[in-house]
Amino acid sequence: MIVGVPKEIKNNENRVALTPAGVAEMVKRGRQVYVQENAGIGSGFSNEDYLHAGALLLASIEEVYGIAEMIIKVKEPIEQEYKLVRKGQILYTYFHFASSEPLTNAMIESGAVCLAYETVELDDRSLPLLVPMSEVAGRMSVQEGAKYLEKTYGGYGVLLGGVPGVPPAKVLIIGGGIVGTEAAKMAAGLGADTTIMDVNLKRLRYLDDIMPANVKTMMSNEYNLREMVKNHDVIIGAVLIPGAKAPKLVTRDMIPTMRPGTVMVDVAVDQGGCFETTKATTHDNPTFVIDDVIQYCVANMPGAVPRTSTLALTNATLPYALQLANKGWKQACQDNMPLRKGLNVVDGKVVYEGVAEAFGLPYTPVDSIL
Ligand SMILES: NC(=O)c1ccc[n+]([C@@H]2O[C@H](COP(=O)([O-])OP(=O)(O)OC[C@H]3O[C@@H](n4cnc5c(N)ncnc54)[C@H](O)[C@@H]3O)[C@@H](O)[C@H]2O)c1
């Protein structure tokens, strides 16, 4: 199997799908790996690092798509790449098909085998290739919250951890899943007085058991939320209802009740956001202000830390990539149920029900093509 790693060309995408360590693992197993020149630069990996690991370098993206039987990427192909994808070629990357009809149609027409990171699913229904990015965003949310609390950024001017004799800042985290848990660990580690709210009592019990003493838990409901937002310095939105838009939990009328200089970080922005006032922002211009309250709503937070994000992502994607490269997609998906769930579009057929439903396309059960 010939593996190809193109340089990401989506705006501001600095991650790369395979690190030199990943290349070395592939090469050790007898695979040939072609990496596009400078593919790793944004994540701190030089061309020499790849050569040293056993990769062969190619100058252009056309050459990589032209030679590879399996393409490993980070983001979904963008329009310029559609024509490069070949029939029978394996594409292993984030796709988020349901949010783009043109992409879905292009991949159907290509006849490629599209394995989407975001639908690889373990028996416990967790999504192992989404978790690393939630971990990054969760940890980053506190870092960003702390930054915008500084006076120069328009914040209330408090230090998250306080100092001896001065109480710490108060951090409210709405949603105690992956993002919320990682946010709580960071906030607590910095000494903040932290509260996690969730609707899942079992989850709250678990968090109460494992979190340090400066983390409290509270049931999430409108009454409690209305009270809590009044006196917190950083409010982090981290809820998810799988397959649905995020519920608008912090409403517009709650904002005037907050202290001026409060910072709201809506990590759930990629699902529409859990604050009524959320609108997606970018790393170039991450915040806006409503009633003296700062809102940070960057939809691809991990993009700011591509080195960490690349390492976190590839730690999770590489084991599946190795199976695909060693066995071919059919055998790998027959042997590995979580990976099988990653199949979305194969040889012109939509084999993931949610994608077929999203665009009213015919659905072919995945088992029938294996
Ligand atoms: N902005 C970014 O860059 C970025 C990066 C990664 C993830 N995300 C997003 O962050 C969000 C959270 O992801 P996750 O991996 O932590 O999800 P998760 O499923 O692990 O956790 C979600 C939690 O929200 C809780 N919840 C549901 N309804 C709630 C309510 N009404 N009040 C309080 N809690 C409620 C659930 O019980 C669950 O514990 C998702 O929307 C995800 O797409 C954004």
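The model is predicted. The protein contains 13 helices and 15 strands, and buried residues account for 53% of its 370 residues. Its radius of gyration of 22 Å agrees with the value near 21 Å that a compact globule with 370 residues would have.

**Overall dimensions and surface**

- The C-alpha trace of the protein spans about 65 × 45 × 35 Å along its principal axes.
- Among contacts in the protein with a separation of 6 or more, 61% are formed by residues 24 or more positions apart.
- The protein has an accessible surface of about 16100 Å², and carbon and sulfur atoms contribute 53% of that area.

**Nonpolar cores**

- In soluble globular proteins, nonpolar side chains tend to be buried together.
- The largest nonpolar core comprises 45 residues, and the members that touch the most others are Met-26, Ile-72, Tyr-92 and Leu-343.
- Helix α10, covering residues 306-327, gives the most to this core, with nine residues.
- Another core, of 29 residues, lies apart from the largest one; Val-142, Ile-173, Ala-192 and Leu-207 are among its members.

**Surroundings of Leu-343**

- Leaving aside residues up to four places away in sequence, Leu-343 touches Val-113, Cys-114 and Leu-115, together with Trp-329 and Cys-333.
- With the same exclusion, Leu-343 also touches Val-351, Tyr-352, Val-366 and Leu-370.

- Most residues other than glycine have a negative phi.
- Asn-12 is not a glycine, yet its phi is positive, at about 65°.
- Asn-12 is located in the loop between β1 (2-5) and α1 (20-28).
- The relative accessibility of Asn-12 is 45%, so this residue counts as partly exposed, a class that lies between the limits of 20% and 50%.
- His-96 likewise has a positive phi, near 45°, and is a residue other than glycine.
- The loop between β5 (90-93) and α5 (101-110) holds His-96.
- His-96 is partly exposed because its relative accessible area is 36%.

Notes. Residues are numbered from 1 along each chain as its sequence is written. This is a predicted model: local features need pLDDT of at least 70, side-chain atom pairs count only at pLDDT 80 or more; totals for chains, interfaces and linings use all residues. Side-chain values use heavy atoms; hydrogens and water are left out. A nonpolar core is a set of buried Ala, Val, Leu, Ile, Met, Phe, Trp, Tyr and Cys residues joined through side-chain atoms within 4.5 Å. Buried means under 20% relative accessible area, exposed over 50%, partly exposed in between (1.4 Å probe, protein chains only). Helices (H or I, at least four residues) and strands (E, at least two) are DSSP runs, numbered from the N terminus. Contact means heavy atoms within 4.5 Å. The radius of gyration is taken over C-alpha atoms; the globule rule is 2.2 Å times the number of residues to the power 0.38. Accessible areas come from the Shrake-Rupley method with a 1.4 Å probe; for residues, only the protein chains shown count as cover.
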